[in-house]
Amino acid sequence: MTTKPTTKPTVKTVTFLILGAGGDLTQRLLLPGLGSLLAVEPERDVRVIGADRADLTDASFRSLVGDRLKQGGASAATARKVSGKARYIKADLLDPSALTDLIAAAEGELVIYFALPPAISMKVSAELEKLDLPAKTRLGLEKPFGSDQTSARRFNKQLQRVVGEDRIFRVDHFLGVSTVLNLIGLRFANRLLQPVWNSEHIERVEIIYDEDLALEGRAGYYDNAGALRDMLQSHLLQILAIFAMEPIASLDPQELADLKAQVLRATSIWDGDPQTYAKRARYTAGSIAGRAVPSYAKEKGVDPARGTETLAQLTVQIANNRWSGVPFMLRSGKALGAARKQVIVYFRDVPHLPEGFVGDHTGDAMVIDLKPGRVSFKLSMNAEGDPLDLEQKTLTAELANAQMTAYGEVLRYLLDDNQLLSVRADTAELCWKIVAPAIKAFEEDRVPLQRYKAGSDGPAGWLSADSVAIGATDTGASDLRGAGRSRAKTKTARPVAKPAK
């Protein structure tokens with residue numbers, strides 16, 4: 001008879017040093033995210049040190065840490081334990097002596113998190129290069145990773161002079177472990193889907209992240225970025241890379257990064273034509289769920305002359321054997337009537353429908369909802385009543401809820417020194433390369449800046465009728481196409497899909 005060991009595994013001490021601890025990111029996302037992690041793994045020994053120019057005391061910072069940890073789900077006892085050891089150090093982060101003192105205050109392994117604007121992060125990194133850092137120091141950074149391919153490459157080289165690439169964690173909270181594993185599991189743990197995940201069976205793919213939130217006080221960052229840089233360049237291309245990658249042998253961080261890079265190297269704007277296959281628009285005054293929303297141009301802190309887009313849409317191609325000829329449409333925007341966080345896969349129609357069947361048998365679809373996790377299949381089936389009549393039915397599977405917030409998942413991997421959810425240097429640079437022609441076309445006004453009313457679906461004609469119907473249809477509904485389409489007793493034909501212009 002064997003007995004279980006009585007000794008508990010050793011809990012390592014990790015110092016979580018937040019540079020820019022007085023900012024919104026720390027209070028709104030980082031600390032609540034850490035709280036959601038500690039709600040699941042309360043035994044962790046995390047020492048929080050905050051550093052900034054803001055006038056905070058240790059006592060006020062500890063109170064803030066405790067409140068935000070509990071907000072994220074940590075128990076009162078866990079929040080007290082972590083916040084009781086927290087420290088705040090007022091510091092000029094560009095002062096080498098101040099940085100030296102911050103490093104000296106760390107215990108155990110050191111994680112330095114840059115909750116700072118990219119330009120400041122670059123300067124702080126240059127100062128850190130001059131210091132002797134603990135052996136297992138890791139750097140956590142928020143997007144954007146540069147402002148174009150050249151600046152991203154320069155930033156990467158600077159970071160790599162501080163620590164090795166295997167110690168750099170570029171954070172994309174869209175790649176929380178639930179999103180990554182749901183996509184990988186759906187593809188590679190299901191025999192039915194593996195054979196059809198290619199251009200022979202898939203007609204087109206849409207990756208949509210529409211928000212019903214407006215600017216929400218983020219003009220300082222957003223008005224200099226816009227939807228293309230903020231969302232498509234980073235988050236949506238990362239999702240595309242995981243969706244479209246070749247089969248993975250194991251959940252090894254290096255292998256996942258290699259396969260993502262392989263996809264992105266093959267990705268470009270459709271036909272190399274951003275004037276046709278890139279779109280931009282900006283919201284005007286309207287209302288969302290009864291709440292009045294001002295025109296973007298009149299939002300506080302916005303420069304109307306800058307021409308910043310709040311909705312961007314881009315069609316790309318992947319030049320490889322698996323995806324040749326399949327358009328991938330990426331779209332994200334603010335102040336839209338409904339929040340949509342979906343990957344929609346449109347399958348090709350059957351090559352031959354037996355004579356005698358009538359009704360709606362146009363190509364089937366699969367909808368992957370990213371938040372919350374859900375998969376729906378829209379399939380052609382016999383309708384009720386006449387067995388020769390076809391209609392589309394929905395089969396839905398709810399995926400398990402994430403144990404913690406996306407930031408909690410990212411922080412867990414960062415604190416554990418596991419790069420599975422990190423964006424590698426080459427992929428960060430490749431994303432900028434892909435969108436560069438569209439950015440240039442936007443800046444040169446070769447793509448018109450369209451308008452859409454806040455609370456609407458965006459400019460007319462941007463989304464296909466199928467996509468609009470899917471977004472508007474509840475997952476429990478049985479009709480893919482929505483109200484208004486009759487099931488005519490005739491055989492229908494579907495034209496070959498082309499990318500939307």
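**Core, sheet and helix packing in a predicted model**

Of the 118 residues in the largest nonpolar core, Leu 34, Val 48, Tyr 113 and Phe 328 touch the most other members. A nonpolar core is here a set of buried Ala, Val, Leu, Ile, Met, Phe, Trp, Tyr and Cys residues joined through side-chain atoms within 4.5 Å, with buried meaning under 20% relative accessible area (1.4 Å probe, protein chains only). Helix α8 supplies the largest share of this core, 14 residues. Apart from neighbours within four places in sequence, Leu 34 contacts Phe 16, Val 46, Val 48, Leu 69, Leu 411 and Leu 415 (contact: heavy atoms within 4.5 Å). A second, separate core of 27 residues includes Ala 51, Leu 102, Leu 116 and Val 124.

The model is predicted, and local features need pLDDT of at least 70, side-chain atom pairs count only at pLDDT 80 or more, and totals for chains, interfaces and linings use all residues. Residues are numbered from 1 along each chain as its sequence is written, and side-chain values use heavy atoms, with hydrogens and water left out.

Six strands form an open sheet in the order β3-β2-β1-β4-β5-β6, with parallel pairing; strands (E, at least two residues) and helices (H or I, at least four) are DSSP runs numbered from the N terminus, and two strands pair if DSSP finds at least two bridges between them. The edges are taken by β3 (87–90) and β6 (168–171), each with a single partner strand, so one side of each is left without a neighbour in the sheet. From one strand to the next, the twist averages 20°. Strand β2 (residues 45–52) pairs with β3 in the parallel sense over four bridges, and Asp 52 has Lys 90 in β3 as its bridge partner.

Helix α1 (residues 24–40) lies across β1 (13–19), β2, β4 (109–114) and β5 (138–142), at about 165° to β1. Angles run from 0 to 180 degrees between N-to-C directions, and axes are lines fitted to C-alpha atoms, for helices over the stretch in contact. Helix α5 (residues 118–128) lies across β1 and β4, at about 150° to β4.

Helix α5 also packs with helix α6 (residues 149–160) at an angle of about 35°, with the axes 9 Å apart. Pro 118, Ser 121, Met 122, Ser 125 and Ala 126 of α5 meet Arg 154, Phe 155, Gln 158 and Leu 159 of α6. Helices α8 (residues 219–244) and α12 (residues 425–443) pack at about 140°, with their axes 10 Å apart.

Technical notes
Buried means under 20% relative accessible area, exposed over 50%, partly exposed in between (1.4 Å probe, protein chains only).
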